[in-house]
Amino acid sequence: MSQRNPAISKGIDWSLVGIYLILVAIGLTAIFAATYKEGDPVIQSFLNFRTDYSKQFYFFVIGAVLALFILLTDSKFFAATANIGYLLGIIFLLVVFPLHSRIKGTESIIKLGAFNFQPAEFCKIFVALTLAKYLSRPETDFSKTRSQLIAAAIIFFPAALTLLQSETGLALVYLSFFIVMYREGLPSVILVAGFSVAALIVATLLFEKYTLALILTILMVMVVYFNRRQFKRRKTLLPKIIFIWVVCVGIQLYAVPFAFKHLLKGYQVERIYSTVGKDIPKEYEIAHAGESVRRSDSKKDPGYNVRQSKIAIGSGGVFGKGLLKATQTRYDFVPEQRTDFIFCTVGEGFGFTGSIVLLGIYIIMLLRIVTIAERQRSIFSRSYAYGVASVFFFHVAINIAMTVGLAPVIGIPLPFISYGGTSLLTFTILLFILIRLDADRQMVLR
Amino acid sequence: MPVFNQSRSRIIRLLFIVVFLVIAGQLFYLQIVSGKYRRMADENAILRKTIYPPRGLVFDRKKRAILNNTLTYDLMVTPSQAKGIDTAFFCRLMEIDTAEFRKRVVTAIIKNSSQKPSVFEASLSPQKFARIQENLWKFHNGFYLQERPIRSYPYNAGANIFGYLGEVDTNYLKKHAEEGYVSGDYAGMTGLEASYEKVLMGERGTQVLIKDNFNRIQGSYENGALDVEAVAGKNLYTSLDIDLQEYGEKLMSNKVGSIVAIDPKTGGIIAMVSSPTYNPGLLTGAERRKHFSELYIDARSPLLNRAVNASYSPGSTFKTLQALVGLQDGVITTKTTFSCSGAFYGCGSSKPMHCLDAGTYYLRTAITHSCNTYFANVMQRVINNPKFPNIDSSLRSWNNYMYAFGLGHKLGVDVPTEQSGNIPTPEFFNNPKRYGKGHWNFCTFRSVSIGQGEVNVTPLQVANEMAYIANKGWYIIPHIVDSIEGGDEFGLLEKYRKKNVPMEIPDSIFEAVHDGMQGVMEGGTGRGSKVEGITICGKTGTVENNAVIKGQLVKQPNHSFFCAFAPRENPKIAIMCVVENSGRYGGSYAAPITSLMIEKYINDTISAKRIAVEERMINTNLIPPLMMQEMRRMDSLKRNKETDNELKKELKIIKDTLQTEDNPTEGEIKSEKSKDSNLPFKGKGKRISSRDILDADRQRLLKNKNGLTRI
């Protein structure tokens with residue numbers, strides 16, 4: 001590598017670049033396998049830009065050019081323009097509302113000529129940069145609640161706008177930035193509380209609500225009983241326990257049903273329930289009875305996508321059926337298999353072995369990014385690196401978990417592999433900014 | 001910033017790894033532990049299409065195809081994809097109403113689920129086929145046309161020999177569980193189609209196809225590596241002479257009865273006519289069901305194969321066998337004479353048995369002139385033979401002769417529904433319900449000596465008996481199929497390769513009987529049916545019979561019987577004919593018909609002198625009055641539009657009535673007869689049920705029982 005232009009190549013983490021290229025190659029292969037029909041003229045369609053795999057290839061080329069530009073950019077530029085970028089991102093998100101095109105069930109896309117442009121997707125870059133910028137300010141003391149709230153606001157504002165564009169999945173991605181905040185000193189209690197609430201919500205889905213209330217009460221009584229000796233020493237303990245019990249029962253008896261009835265849409269309720277494998281309770285069904293059903297192209301019952309996806313992956317066996325012999329993905333049994341369900345192609349075509357190899361590549365990439373983050377001298381670079389790791393982690397984990405039936409179906413792409421220009425470019429930019437910052441890790445950015 | 005948070009990087013790494021391990025665990029479960037997803041994937045994407053091979057053809061002795069295949073088309077529906085078509089237009093094309101449309105779709109769903117194709121209408125008529133084919137693109141997702149080869153009958157003859165194909169029902173599927181039939185398949189229900197189903201059906205093939213999300217076929221799976229070629233059904237080569245078969249059916253038109261002709265040297269059946277018959281083409285194709293129910297309720301019972309499935313008292317044709325027994329037992333010689341003063345008084349004057357011509361007879365003339373008294377005396381001597389300790393053992397000895405001659409048991413012909421007939425045994429008479437032990441003697445059943453009363457035979461048995469006499473002491477089990485293309489894989493023909501020599505009887509005894517039978521044609525009861533240039537040995541029979549009508553025994557017109565073989569030296573054909581309720585003698589109808597058949601078979605043409613006889617036979621209408629009455633009753637039923645309900649009832653009954661017999665090839669001799677199945681006037685319990693008057697009446701008609709008295 002030393003023969004290359006030292007100005008660009010110096011300090012670049014080639015392992016990440018290598019992983020990037022491998023993943024893009026896997027992605028192109030998978031898209032090819034999912035969309036190729038017997039007898040298609042491969043080379044011809046590749047050149048005339050008709051097929052998905054050729055489009056994806058051209059996006060890769062555009063991404064590579066962008067990556068080159070990023071590597072040529074001064075690393076200070078990113079920190080300097082972070083706030084302006086954030087503002088630009090928000091403007092784009094707002095512009096979408098009057099200008100979005102009518103593409104199936106989403107209000108987040110602007111059509112620019114032949115390309116669909118999705119601000120909600122690439123806004124992540126600006127949020128990651130801005131959050132890093134805020135956390136790295138010398139005057140920010142992240143142990144203060146005020147700072148924590150400001151950081152949360154930076155995340156939630158674009159998330160809320162994305163949610164308004166009916167892109168629940170992309171909005172949820174912003175939750176991953178809590179990992180960055182955790183690394184920078186967010187009290188563990190908040191994360192523990194967050195996880196507890198999540199666990200409670202899942203439990204609400206699984207148990208009948210009064211049964212669950214009874215279980216919670218019994219737990220409370222047991223905790224009180226085992227700690228009875230400590231109440232004298234710690235006066236606030238008993239009220240705290242009772243407060244937690246009240247909050248839990250409140251969430252479980254009132255907040256969750258309220259959210260299911262009034263905040264979530266009918267199809268979302270269906271998807272959530274189909275993930276835990278239960279029927280929707282009558283009261284929610286009645287609450288959503290009047291809605292026009294948005295089932296996009298997932299026909300039949302809400303569990304259809306996931307069932308077909310599980311069948312496709314499950315039928316792959318140990319070594320898979322081979323690239324073009326995968327019956328489920330090749331003959332369109334899995335909806336959205338080029339985009340959100342692209343993992344099925346890998347799972348069916350290359351089996352358990354292929355799936356584990358792909359998971360392995362991702363985990364190597366994530367651990368590598370964390371390692372890179374920890375070797376940064378500047379808080380900006382470190383926070384940004386954690387931001388990238390968090391976003392990738394959330395995308396990979398939730399996307400694959402959703403295809404294997406472990407998470408509800410929220411439409412988010414698999415980084416570098418799912419078909420989609422905006423997502424490929426977004427992830428490319430995210431990664432190469434990190435590589436650029438890492439190349440200058442000896443510098444302290446403010 | 002504080003460095004102490006660095007430990008959190010480890011927690012974050014741990015979080016990443018744990019989540020990925022959970023996902024890997026789920027992948028391990030889905031892809032390696034659980035086999036169900038692979039199976040579900042196959043169900044999703046793989047279509048196993050059964051390829052039906054064409055059924056085997058049937059050829060006659062001159063290698064002419066007498067049972068062939070032709071193509072028709074079934075309209076298939078896949079209910080889940082038939083939604084959203086222009087139903088009204090579709091119904092107009094199919095000439096049905098929307099209610100019927102819905103009914104058929106629901107039936108299809110029940111049969112094969114809504115994802116799989118089922119038959120919407122089988123064997124489209126040419127007009128419907130043309131209309132549908134032209135417009136099929138409009139219903140392309142839900143409907144398609146499937147080729148189905150159906151049977152065709154180039155000669156329009158032999159319907160009862162070939163039998164017909166029917167859709168298999170649950171009973172059939174249960175019986176043939178291991179043979180790969182599925183609901184909706186067709187299988188042979190009667191006749192050769194049923195007996196040789198195994199070889200005629202061929203081996204089904206499978207084509208493994210890949211389909212997509214919308215059930216559209218995308219090509220073959222793994223380049224057809226898993227496909228199984230269909231193997232065409234094997235052809236059958238029969239001993240039938242289709243010309244003679246057609247000729248026989250022509251001669252028997254407007255008559256009830258049957259003709260069976262056997263090649264005595266091979267046991268091969270040359271012709272097997274059952275009349276009235278039907279056009280076999282009626283039971284293939286689009287209107288199959290309708291025709292079937294029409295034939296089924298037809299008072300003339302055209303679906304009944306009378307040659308094997310009807311039994312009669314043999315009448316005087318039985319005398320040939322009695323002569324063999326008498327000579328072999330030594331109770332008479334060819335020189336023994338008995339005289340008849342007008343009747344047989346051997347059992348006292350109260351129960352005389354009349355004979356035609358008074359006089360003194362020895363064996364040859366007794367056969368020639370069919371003297372009742374002579375054979376009553378012969379059998380009396382056989383039964384009262386002092387060499388036996390009691391009547392049971394002497395009757396048993398007589399039984400053994402009869403079994404040896406092929407009576408009293410199923411012969412094992414390769415056409416199903418064969419009856420065994422009846423030879424009265426000591427047990428039969430000892431039954432307390434009948435006479436009881438010690439309460440019977442020869443005089444009780446003296447009419448058996450001339451082939452009336454308790455003895456029952458099928459036309460096939462009589463023809464076989466002729467072959468036995470013609471061969472002078474052996475026969476081969478009569479059969480239609482001589483050989484199977486590619487070999488007899490299932491051993492179906494083995495029993496037809498063996499000469500049966502049931503007992504050693506010297507040729508001289510047969511010669512004596514032949515003499516008498518030749519005399520029949522030359523100056524006896526069959527003299528009117530002589531054929532110039534062919535030495536025929538024959539025997540007439542005039543069979544008295546009764547029918548049960550409303551519980552009363554009513555005498556019916558006589559059956560006309562004739563059996564023969566020809567030529568006497570080196571016989572080529574053994575034949576029998578019965579014309580039911582013709583009201584005249586054996587020599588009146590059965591003999592001329594038989595002689596015409598013999599002449600046609602041996603000379604290939606009918607001599608000019610006999611054209612008149614031929615025409616008279618063809619044109620005589622001998623449908624029995626009782627049957628005519630029944631037909632008129634059915635017609636009026638039809639006019640009263642009650643037939644609709646009748647048809648439905650009948651169709652339900654069809655299944656259990658026309659089921660093929662469990663084991664048509666059972667050939668063992670049964671000395672023990674079931675207790676009440678042979679009681680007179682009761683009919684066979686198996687065939688008569690209390691279903692409805694109509695059915696029972698017809699059963700009686702078919703089974704009219706034979707009288708107890710003389711010829």
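Visitor: What does the secondary structure of chain B come to?
Guide: Chain B has 24 helices and 20 strands. Helices here are DSSP runs of H or I with at least four residues, strands are runs of E with at least two, and both are numbered from the N terminus. Keep in mind that this is a predicted model: local features need pLDDT of at least 70, side-chain atom pairs count only at pLDDT 80 or more, and totals for chains, interfaces and linings use all residues. Residues are numbered from 1 along each chain as its sequence is written, while chains are lettered from A and ligands numbered from 1 in the order in which they are written.

Visitor: Why is Lys63(B) called exposed?
Guide: Count the C-beta atoms, placed from the backbone, within 10 Å of a residue's own: 20 or more others is buried, 12 or fewer is exposed, and in between is partly exposed. Lys63(B) has 7 such neighbours, so it counts as exposed. Its loop runs between strand E2 (58-59) and strand E3 (65-77) of chain B. Lys63(B) also has a positive phi of about 60°, although it is not a glycine.

Visitor: And what makes Asn156(B) partly exposed?
Guide: Asn156(B) has 14 C-beta neighbours inside 10 Å, so it gets the in-between label. Asn156(B) is another non-glycine with a positive phi, about 50°.

Visitor: What share of chain B counts as buried?
Guide: That's 43% of its 711 residues.

Visitor: Why do the buried residues of H2(B) line one face of the helix?
Guide: In helix H2 (residues 36-45) of chain B, the buried ones are Tyr37(B), Ala41(B), Asn44(B) and Ala45(B). Seen down the axis, they fall within an arc of 70°, so they line one face. The arc is taken over the directions from the helix axis to the C-beta atoms. Those buried residues pack against H15 and H16 of chain A, together with H1, strand E1 (46-51) and strand E8 (205-211) of chain B.

Visitor: How many residues of each chain are in contact across the two chains?
Guide: 38 residues of chain A are in contact with 33 of chain B; contact is C-beta atoms, placed from the backbone, within 7 Å. H17(A) gives the largest share of chain A's side, eleven residues.

Visitor: Why is H17(A) called roughly antiparallel to H1(B)?
Guide: The axes of H17(A) and helix H1 (residues 7-33) of chain B come within 11 Å and cross at roughly 180°. Angles under 35 degrees count as roughly parallel, over 145 as roughly antiparallel, 65 to 115 as roughly perpendicular and the rest as oblique, so the pair is roughly antiparallel. Among the residues that meet there are Phe352(A) and Leu359(A) from H17(A), and Phe16(B) and Phe20(B) from H1(B).

Visitor: Which residues touch the most other members of the largest nonpolar core?
Guide: Such a core is a set of buried Ala, Val, Leu, Ile, Met, Phe, Trp, Tyr and Cys residues joined through C-beta atoms within 7 Å. Among its 138 residues, Val260(B), Ala261(B), Ala463(B), Met466(B), Phe565(B) and Ile575(B) touch the most other members. Helix H18 (residues 459-470) of chain B gives the most to this core, with eight residues.

Visitor: Where is there a cis peptide bond?
Guide: One joins Ala566(B) and Pro567(B), with omega about -15°. Pro567(B) lies in the loop between strand E19 (552-566) and strand E20 (573-579) of chain B.

Technical notes: Axes fitted to C-alpha atoms, helices over the stretch in contact; angles between N-to-C directions.
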